[in-house]
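Please look over the model shown here. A short report on parts of its fold comes after it.

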Amino acid sequence: RGGALMLLNVNKFREVNEALGFDAGDAVLVQIAHRVRACLHDTDSIARWGGDELAVVLENLVRESDALHVAEKILAQFGMPLLLEGREYFASLSIGIAAFPAADANDIDVLIKRADSAMAAAKTWGENKTQLFPSEAVMPPNERFSLKNHLRSALQNGELFLEYQPQIDLVSERMIGVEALVRWRHPVLGRVEPSRFISLAEETGLIVPIGEWVMRTACLQNRAWMDAGLPPLTTAVNVSARQLRHPQLIERILDIIADTGIDAGCLDLEITEGILIDDFAALLPGLAKLRKAGVKISIDDFGTGYSSLGYLAELPADILKMDRSFVSRLGTDAAGRDRSYALARSIVQLAHGLNLKVVAEAVETAEQCADLMAMDCDVAQGYLFDRPLHPDQVGQLLRLQHDGVAHAAAPAIQQALQIA
């Protein structure tokens, strides 16, 4: 029978123990375990695996993607706060999954190592993330070592490329921006998913030159669209923790803007909320310098961090990106739907009160879009509108838009209006 082992790490759990004591920490774990248990079948098992970890065994799975679906349900439970001694506490998880049976991984020790490796990879992506250990069909035992070696030459060999996911203004129904997403096509391995190589790039430090290449390439493409007489749009580029800690990052970004001739206002840097919180004081001067130059700053995965909201008053930001964990619970009849809607709406109201725009990510249904429009969310992206596209496809959409042809997202938005 198919199944999966999941390891769930409670992020920054030590802070709870240090601030409130071990009894309070245990109380938090009990509440977390109850929420996880509510997402499982009766045949599944859950246990405390370590000080800040839970282990879950999923049984009777038809396919690996079923385990991912369970993980998404679990993460969706943590958009709402836990109550601890009358105070609200937001918890987030990092989930690693190892599926079985597998060609050489039916031993429990191997499964544990794989789930633990996947969990560690999930943590590098930020809070409330899931990583599935790749199946043996696509991942030989030595792939980690092999991918690291291949990755070192991928940039110089021209194997990396960018795709762009459109961002749609929910009022004008027009494409106003894109998010640049790095991809890797290896001549032998084929297309390598970002979940398999981004964490390796972080570990090896290759994320710095790769990140700089992504930014330069995205800016050159934005300028190319402009030079072709197409309507201007903003290009969002993700900036990793390792890049942000590079001492010359700010100067390099400003140099790229100057070299490519892009309007600084057309560049949007997406920075994960957790990274901002961890290095807030150190990052503030550089971000302020970029924003003064006209660059937009987005807080990515907003709502998944632990920090007081007080940092928003000082942060030089323009955009909040509503995390997918909030969007996924919208537009359904599931229990707690009203509270999920109220929570997402509060994010929009908070952002607007601070003169920030809101971009909702991972919008997949017209019902989700209807809820977002009802709460006056500004911009949305996701499969409902477009998957990540080749630059030429984005150019075609911009050209049609320039000629007065509605974006393909317009029917989805109209449907959402009817639902609302």
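The report below covers a sheet, a helix and a pair of helices.

## Basis

This is a predicted model: local features need pLDDT of at least 70, side-chain atom pairs count only at pLDDT 80 or more, and totals for chains, interfaces and linings use all residues. Residues are numbered from 1 along each chain as its sequence is written, and side-chain values use heavy atoms, with hydrogens and water left out.

Helices (H or I, at least four residues) and strands (E, at least two) are DSSP runs, numbered from the N terminus.

Five strands form an open sheet in the order 2-3-1-6-7, with mixed pairing. Two strands pair if DSSP finds at least two bridges between them. Strand 2 (45-50) and strand 7 (129-132) are the edges, and each pairs on one side only. From one strand to the next, the twist averages 20°. Strands of a sheet pair through backbone hydrogen bonds, either parallel or antiparallel.

Strand 6 (residues 93-100) pairs with strand 7 in the parallel sense, over four bridges. Ser94 stands opposite Lys129, and Ile95 stands opposite Thr130. Strand 1 (residues 3-10) runs antiparallel to strand 6, and eight bridges join them. Here Leu93 of strand 6 is the bridge partner of Val10. Strand 6 is mostly covered: seven of its eight residues are buried. Buried means under 20% relative accessible area, exposed over 50%, and partly exposed in between (1.4 Å probe, protein chains only).

## Helix 16

Helix 16 (residues 391-402) has 12 residues, which should span 16 Å at 1.5 Å a residue; its end C-alpha atoms are 16 Å apart, which agrees. The expected span is 1.5 Å times one less than the number of residues.

Its buried residues are Pro391, Val394, Gly395, Leu397, Leu398 and Gln401. Just after helix 16, Gly404 takes a positive phi of about 90°.

## Helices 1 and 2

The axes of helix 1 (residues 13-20) and helix 2 (residues 22-37) come within 7 Å and cross at roughly 140°. Axes are lines fitted to C-alpha atoms, for helices over the stretch in contact, and angles run from 0 to 180 degrees between N-to-C directions. The two helices are therefore oblique to each other. Angles under 35 degrees count as roughly parallel, over 145 as roughly antiparallel, 65 to 115 as roughly perpendicular and the rest as oblique.

Helix 1 makes the contact (heavy atoms within 4.5 Å) through Phe13, Val16, Asn17 and Leu20. Helix 2 contributes Phe22, Ala24, Gly25, Val28 and Leu29.
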